[in-house]
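Here is a friendly walk through one protein chain, meant to be read with the structure open beside it.

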Amino acid sequence: MRTPMVVANWKMHGRLAEARELAQAVRDGLKRPRGVEVAICPPFTALAAVAEVLAGSPLMLGAQNCHWEESGAFTGEVSPAMLAELGCRLVVLGHSERRHSSRETDEEIRRKVAAALRHRLQPVLCVGETAEERRQGLTFTVVEGQLRAGLAGLPAEDLVRCTIAYEPVWAIGTGLTATPSQAAEVHGYLRGLLSELGSKESAQAIRILYGGSVKPDNAGSFAQEPEIDGALVGGASLQAASFITIAKKSAAKSGASKE
């Protein structure tokens with residue numbers, strides 16, 4: 001059975017004092033998580049501070065993006081080697097806000113995924129369609145293209161080190177949410193694609209998270225879907241109580257409770 005994972009994406013929120021306070025509250029509320037893995041992805045400027053707070057706890061530190069080169073003349077960028085040095089264990093890549101606002105291409109995201117793996121970071125590769133693409137019936141076409149491009153060229157042993165996050169763009173920060181059955185349908189399709197890219201066994205080992213206005217009151221319904229392996233949480237992760245509740249409800253999928 002795949003252990004669920006819940007990832008907090010703080011986006012561009014949290015100065016140092018705020019980041020420490022929020023990280024401490026989440027850490028204290030999830031002292032001994034069972035049945036779920038939990039990661040916090042603060043802004044780059046707060047990574048070191050949050051790393052100190054999480055030291056010695058079971059909670060993982062993650063980042064929201066990285067460059068594909070280890071070093072070089074890339075003003076304003078952060079390399080996977082720098083993230084690993086800070087103690088990051090995972091990195092979110094291809095988030096819709098990066099794809100659309102920052103115009104990141106599939107090829108750039110592919111290079112980032114490969115670079116993260118080289119530095120022993122777990123890539124959380126995000127895929128998802130816009131509202132217009134869904135209206136046109138292109139959901140499967142879009143997520144397939146993003147998935148195949150992001151994982152292109154990876155050997156089977158690297159595929160199983162990746163996590164996928166399905167985040168319908170129309171459900172991010174809009175208050176709209178895909179129904180559990182809508183999300184599960186896409187997750188099942190993605191898992192079938194992963195079987196083609198690797199094997200049925202490797203596809204069953206890869207976690208596919210749902211992201212898109214996940215909140216305490218809907219997290220439990222998503223957790224009940226066999227194909228949904230946790231959540232990538234945006235706005236609700238900025239409130240410790242909300243994020244802790246989501247983590248606990250996600251853990252309930254495996255029959256575990258958390259303290």
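In helix H1, the residues Leu-16, Ala-19, Arg-20, Ala-23, Gln-24 and Arg-27 meet Ala-49, Val-50, Val-53 and Leu-54 of helix H2. Sorted by class, this contact of H1 with H2 holds 7 nonpolar residues, 1 polar residue and 2 charged ones. H1 covers residues 16-29 and H2 covers residues 47-54; their axes come within 9 Å and cross at roughly 30 degrees. Angles under 35 degrees count as roughly parallel, and H1 and H2 are therefore roughly parallel to each other. Their crossing is right-handed. Please keep in mind throughout that this is a predicted model.

| Helix pair | Crossing angle | Axis separation |
|---|---|---|
| H1 and H2 | roughly 30 degrees | within 9 Å |
| H7 and H9 | about 40 degrees | 10 Å |
| H11 and H12 | roughly 15 degrees | within 8 Å |

How are H7 and H9 oriented to each other? With an angle of about 40 degrees between helix H7 (residues 139-150) and helix H9 (residues 180-197), the two are therefore oblique to each other. The crossing of H7 and H9 is right-handed. On the H7 side, the contact is made by Thr-139, Phe-140, Val-143, Glu-144, Leu-147 and Arg-148, while H9 brings Glu-185, Val-186, Tyr-189, Leu-190, Leu-193, Leu-194, Glu-196 and Leu-197. By class, the residues of this contact divide into 9 nonpolar, 1 polar and 4 charged.

Helix H11 (residues 216-223) meets H12 with the axes crossing at roughly 15 degrees, and that makes H11 roughly parallel to H12. The crossing of H11 and H12 is right-handed as well. Pro-216, Asp-217, Ala-219, Gly-220 and Ala-223 of H11 face Ser-242, Thr-245, Ile-246, Lys-249 and Ser-250 of H12. The contact of H11 with H12 splits into 4 nonpolar, 4 polar and 2 charged residues.

Now to the interior. In soluble globular proteins, nonpolar side chains tend to be buried together. Here, the largest nonpolar core has 65 residues, and those touching the most other members are Val-50, Leu-83, Val-113, Leu-151, Ile-164, Leu-190 and Tyr-210. Helix H12 (residues 240-251) supplies the largest share of this core, 6 residues. Another core, of 12 residues, lies apart from it; among its members are Cys-41, Leu-90, Val-124 and Ala-165.

Which residues does Ile-164 touch? Leaving out residues up to four places away in sequence, Ile-164 touches Leu-125, Val-127, Leu-147, Leu-151, Leu-190, Leu-194, Ile-206, Arg-207, Ile-208 and Leu-209. Among these partners, Leu-147 also takes part in the contact of H7 with H9, as do Leu-190 and Leu-194.

Trp-10 sits in the loop between strand S1 (5-9) and H1. Is Trp-10 buried or exposed? Its relative accessible area is 1%, so Trp-10 is buried. Beyond residues up to four places away in sequence, Trp-10 touches Ala-19, Leu-22, Ala-23, Ile-40, Cys-41, Pro-42, Pro-43, Val-50, Gln-64, Ser-237 and Leu-238. Ala-19, Ala-23 and Val-50 also belong to the contact of H1 with H2. Trp-10 and Val-233 are 223 residues apart in sequence, but their C-alpha atoms are 8.3 Å apart in space.

Gly-230 is found in strand S8 (residues 230-233). With a relative accessible area of 10%, Gly-230 is buried. Apart from residues up to four places away in sequence, its contacts are Met-5, Ile-208, Leu-209 and Tyr-210. The C-alpha atoms of Gly-230 and Ala-39 are separated by 11 Å, although these residues are 191 residues apart along the chain.

Finally, take a look at two backbone angles. Arg-120, in the loop between helix H5 (106-118) and strand S5 (122-127), has a phi near 60 degrees, a positive value in a residue other than glycine. Ser-213, in the loop between strand S7 (208-210) and H11, has a positive phi of about 60 degrees and is not a glycine either. Arg-120 counts as exposed, at 73% relative accessibility, whereas Ser-213 is buried, with a relative accessible area of 14%.

Conventions:
Residues are numbered from 1 along each chain as its sequence is written. This is a predicted model: local features need pLDDT of at least 70, side-chain atom pairs count only at pLDDT 80 or more; totals for chains, interfaces and linings use all residues. Side-chain values use heavy atoms; hydrogens and water are left out. A nonpolar core is a set of buried Ala, Val, Leu, Ile, Met, Phe, Trp, Tyr and Cys residues joined through side-chain atoms within 4.5 Å. Buried means under 20% relative accessible area, exposed over 50%, partly exposed in between (1.4 Å probe, protein chains only). Helices (H or I, at least four residues) and strands (E, at least two) are DSSP runs, numbered from the N terminus. Contact means heavy atoms within 4.5 Å. Axes are lines fitted to C-alpha atoms, for helices over the stretch in contact, and angles run from 0 to 180 degrees between N-to-C directions. Angles under 35 degrees count as roughly parallel, over 145 as roughly antiparallel, 65 to 115 as roughly perpendicular and the rest as oblique. A crossing is left-handed if the near helix is turned anticlockwise from the far one by less than a right angle, and right-handed if clockwise. Ala, Val, Leu, Ile, Met, Phe, Trp, Tyr, Cys and Pro count as nonpolar, Asp, Glu, Lys and Arg as charged, and the others, Gly among them, as polar.
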